[in-house]
Amino acid sequence: MLQTNQNGVDRRTRILDAAETCFVRSGFHRTTMQDVAAEAGMSAGNLYRYFPSKDAIVAGLSERDRREVAESFAVMDEAGRDFMAGFAELGRRHFEDEPREKAVLCLEIWCEATRNPTCAKLTADFANDIVERLTTLLDQAAAAGNISPAMETRTIATLICTLADGVMVRRATLPDYDPARELPAVMHLICSLVSGHVPALCPAKPTEVTP
């Protein structure tokens, strides 16, 4: 039984890898389930046993990405970890070390989210999850004295995600995207945000009034 389950996991992984390849190569709409099956080296009937639709495949990709993001944030959450050092490592992993195709895949799914309610919900849930995780890390960093304790951490987290989304789009669409040139400026801006040096963009937490 354990072997059967492992085989199922392996087949799902193979299908998701194949779907990534097809979506990046041909786009979400032009890719058919038959294309994914052929790329995965299996029959369409076998593919449908694991994923009944392209939306289900997108859900599987999203679930896998969320697990990977959770692992990345777990590394940042290590005791005594400096927030900016951990975040810089996270940025290098996603915007420099990972293949450009990952950024192209994100763009494909974001485009589909503008017209497909299922993809829209998956995209929104994924984005909200990242904001929540970042907010938690920022709260912990503020409590530890690693960043300015006066800043509204959810606002900072949302701004960081906005910057990250922009970098992802540039990486997917610009042939001359150069992480060595662009990432240091982005990291410098984020450092300024968490240090409280951009007060116009990052409103302070409301001061409690004692009766």
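The lining of the largest cavity is made up of seven nonpolar, no polar and no charged residues, where Ala, Val, Leu, Ile, Met, Phe, Trp, Tyr, Cys and Pro count as nonpolar, Asp, Glu, Lys and Arg as charged, and the others, Gly among them, as polar. This is a predicted model, in which local features need pLDDT of at least 70 and side-chain atom pairs count only at pLDDT 80 or more, while totals for chains, interfaces and linings use all residues. Residues are numbered from 1 along each chain as its sequence is written, and side-chain values use heavy atoms, with hydrogens and water left out.

**Cavity**

- One cavity of 30 Å³ or more is counted, a cavity being a set of points, on a 1 Å grid over the protein atoms alone, where a 1.4 Å probe fits but cannot get out, with lining residues having an atom within 4 Å of a point.
- The largest cavity holds about 30 Å³ of space, a volume being the space filled by probe spheres set on the points, which are joined across faces, edges and corners.
- Its lining consists of Phe-87, Phe-95, Leu-163, Ala-164, Val-186, Met-187 and Ile-190, and α9 (179-194) contributes the largest share, three residues.

- The largest pocket contains about 820 Å³ of space, a pocket being an open set of points with protein on both sides within 12 Å along at least five of seven lines.
- Of the 34 residues lining the largest pocket, Val-69, Cys-106, Phe-126, Ile-130 and Met-168 are the closest to its centre.
- At least two lining residues of the largest pocket come from each of α4 (54-76), α5 (83-97), α6 (100-113), α7 (117-143) and α8 (153-173), and α4 gives the most, with eight; helices are DSSP runs (H or I, at least four residues) numbered from the N terminus.
- The lining of the largest pocket comprises 21 nonpolar, seven polar and six charged residues.

**Packing of α4 and α7**

- The axes of α4 and α7, lines fitted to C-alpha atoms over the stretch in contact, lie 10 Å apart at an angle of about 5°, and the two helices are therefore roughly parallel to each other, a label for angles under 35 degrees.
- The residues of this contact (heavy atoms within 4.5 Å) divide into twelve nonpolar, two polar and six charged, including Val-69 and Phe-73 in α4 and Phe-126 and Ile-130 in α7.

**Annotated region**

- UniProt, in an unreviewed entry, lists residues 32-51 as "DNA-binding region", and such annotations may be inferred rather than shown by experiment.
- In the model, residues 32-51 are 75% helix and 0% strand (E, at least two residues), with their end C-alpha atoms 13 Å apart.

Technical notes: Axes are lines fitted to C-alpha atoms, for helices over the stretch in contact, and angles run from 0 to 180 degrees between N-to-C directions. Angles under 35 degrees count as roughly parallel, over 145 as roughly antiparallel, 65 to 115 as roughly perpendicular and the rest as oblique.
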